[in-house]
Amino acid sequence: MSSVVNDTRIPNNVDLSSDKKLQRALEEWQPNFIKWWGAMGPEGFQQDEVFLRTAISVDHEGWANFDYVRMPEYRWGIFLADPVADRTIGFGDEMGKPVWQQVPGEHRNTLRRLIVTQGDTEPASVEQQRLLGQTCPSLYDLRNLFQVNVEEGRHLWAMVYLLHSHFGRDGREEAEALLERRSGDPDKPRILGTFNEPCPEWLSFFMFTYFTDRDGKYQLLALAESAFDPLSRTTRFMLTEEAHHMFVGETGILRVVQRSAELAKLDPNGDVRKQGGVDLPTIQKYLNYWYSSSVDLFGGEVSSNAASFFASGLKGRAKEAGHEDHVALNGTYRMVTPEGGALVERDVALRSAMNEVLRDEYVADCQRGVDKWNRAIAEGGVDFELKIPSRRFNRNVGLYAGMRFNPAGELITEEAWQAQSGQWLPTEADRAYVLSLMTKPVYEPGKMAHWIAPPKQGIKGRPVDFEYVRHDAR
Ligand SMILES: [Fe+2]
Ligand SMILES: [Fe+2]
């Protein structure tokens, strides 16, 4: 078991005090992080006491310590999963050789880029969710939002630790830049598209945590296979925290769907909007939007970058051990590609298709929650089925970018798209409607906003009407 130091300025299990130079560099970065948190973290709740879990070690008892905490006093720490003894590289050209504890010179720039790209998403999501507390549907949900936020902050710490400890001056500059970019800022945007999209209400927040945090899960799973062992150990621990984020999304949408079905039954015409709820066709449009945006995050279907990441051992597949051929030099992957206005199937060298292989696992994983939502709709007695659109729908990255596809994945004309996209993606009117439901916060313990059902249970054995955020402490 790795030993943990909690009494220093930066809690850690990496023996930070043995490297004074590194410790000093991180202690210099810390006030800038706190400043960023103050400016870009949850607005209006910094003095509240929030029932949060804090990781104080990576073992079973230590990683989820629950107590009331003021967010600026949250103990953001550096925690790496315990090392695997004699770990060897699990895939690619270097398969079977010992993993790296230091960054090989020839991979330095590529690895730094991978770490910065992952790191950039973490503060971005905090920025996107910054105002949501002011319209929370309950104290339970408010607490979950803040839990996600502080942990994304810790994930930023995890990546900054790697940059500081392994990439010298370049790494320190990148760590500063991670606090300087801003989600949605046209002059200094965050690196990836989805992380610049506005997330102005709770339906988007739940979709984001279900679909976009799940992209994060698969990127982390692929990085957890990395030959660069500190990256592997860091991402393995991040995955334990990530699970809660996706739980928030899955159960959040489930509760909106349940309430929608209840309200449909209350109305003589089944008109959910008339009853002040989110109707299922609107939920479908939000699903289409956030899913297609998140699917883009996996990158191009055919990618020489993905091939070289795999060849060199930097980034593997999710749960690489479950695959048979870890070298993947001779395999092919069958893919639907647009050619001359039609879709044809083509075999692509497997290494070049690694983004698509990862996307496959993501798509399958997304379906599981949708099945649960559909069961809730059926139990609610409503005849409607939510569907994940084709991965070709509404793409801005890769093979299908610049072309138009309907949700079934059929190639359509620009005119057909213009005529129908308002049935597939949220329109201005849809967005205005959803926003209009979510203008007032609910701060009374146990009370829920009208448009959402209560959760089945509370957090860590506490009842649903527990005071998860002491908001009147102001
Ligand atoms: Fe994260
Ligand atoms: Fe997350």
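This is a predicted model: local features need pLDDT of at least 70, side-chain atom pairs count only at pLDDT 80 or more; totals for chains, interfaces and linings use all residues.
Residues are numbered from 1 along each chain as its sequence is written, and chains are lettered from A and ligands numbered from 1 in the order in which they are written.

**Stop 1: around Glu-320**

Glu-320 lies in the loop between α8 and β3 (332–339), where helices (H or I, at least four residues) and strands (E, at least two) are DSSP runs numbered from the N terminus. Not counting residues up to four places away in sequence, Glu-320 touches Gly-90, Phe-91, Glu-225 and His-326, where a contact is defined by C-beta atoms, placed from the backbone, that lie within 7 Å.

**Stop 2: Ser-312**

Next select Ser-312, which has its place in helix α8 (residues 304–312) and which counts as partly exposed with 19 C-beta neighbours inside 10 Å. Leaving aside neighbours within four places in sequence, Ser-312 is in contact with Gly-92, Asp-93 and His-107. Ile-89 is 223 residues from Ser-312 in sequence, yet the two are 9.8 Å apart in space, C-alpha to C-alpha.

**Stop 3: helices α2, α3 and α4**

Now colour helix α2 (residues 108–128) together with α3 (residues 139–166) and α4 (residues 168–178). Helix α2 and α3 pack at an angle of about 155°, with their axes 8 Å apart; axes are lines fitted to C-alpha atoms, for helices over the stretch in contact, and angles run from 0 to 180 degrees between N-to-C directions. That makes α2 roughly antiparallel to α3, since angles under 35 degrees count as roughly parallel, over 145 as roughly antiparallel, 65 to 115 as roughly perpendicular and the rest as oblique. The crossing of α2 and α3 is left-handed, a word used if the near helix is turned anticlockwise from the far one by less than a right angle, with right-handed used if clockwise.

Where α2 meets α3, the residues include Ile-115 and Val-126 on the α2 side and Leu-156 and Val-160 on the α3 side. By class, this contact of α2 with α3 has eight nonpolar, six polar and two charged residues, where Ala, Val, Leu, Ile, Met, Phe, Trp, Tyr, Cys and Pro count as nonpolar, Asp, Glu, Lys and Arg as charged, and the others, Gly among them, as polar.

Turning to the other pair, α3 and α4 pack at an angle of about 155° with their axes 7 Å apart, and they are therefore roughly antiparallel to each other. Among the residues that meet here are Leu-156 and Val-160 in α3, and Ala-175 and Leu-178 in α4.

**Stop 4**

In soluble globular proteins, nonpolar side chains tend to be buried together. Leaving aside neighbours within four places in sequence, Val-256 is in contact with Leu-203, Phe-206, Val-278, Ile-283, Trp-451 and Ile-452.

**Stop 5: helices α5 and α6**

Show helix α5 (residues 202–224) and helix α6 (residues 229–266), whose axes come within 8 Å and cross at roughly 155°, which makes α5 roughly antiparallel to α6. Their crossing is left-handed, and the residues of the contact divide into 16 nonpolar, seven polar and six charged.

**Stop 6: Asp-86**

Finish at Asp-86, found in the loop between β2 (65–70) and α2, where phi is near 55°, a positive value in a residue other than glycine. Asp-86 is exposed, with 7 other C-beta atoms within 10 Å.

Conventions. Two residues are in contact if their C-beta atoms, placed from the backbone, lie within 7 Å. A residue is buried if 20 or more other C-beta atoms lie within 10 Å of its own, exposed if 12 or fewer, and partly exposed in between; C-beta atoms are placed from the backbone.
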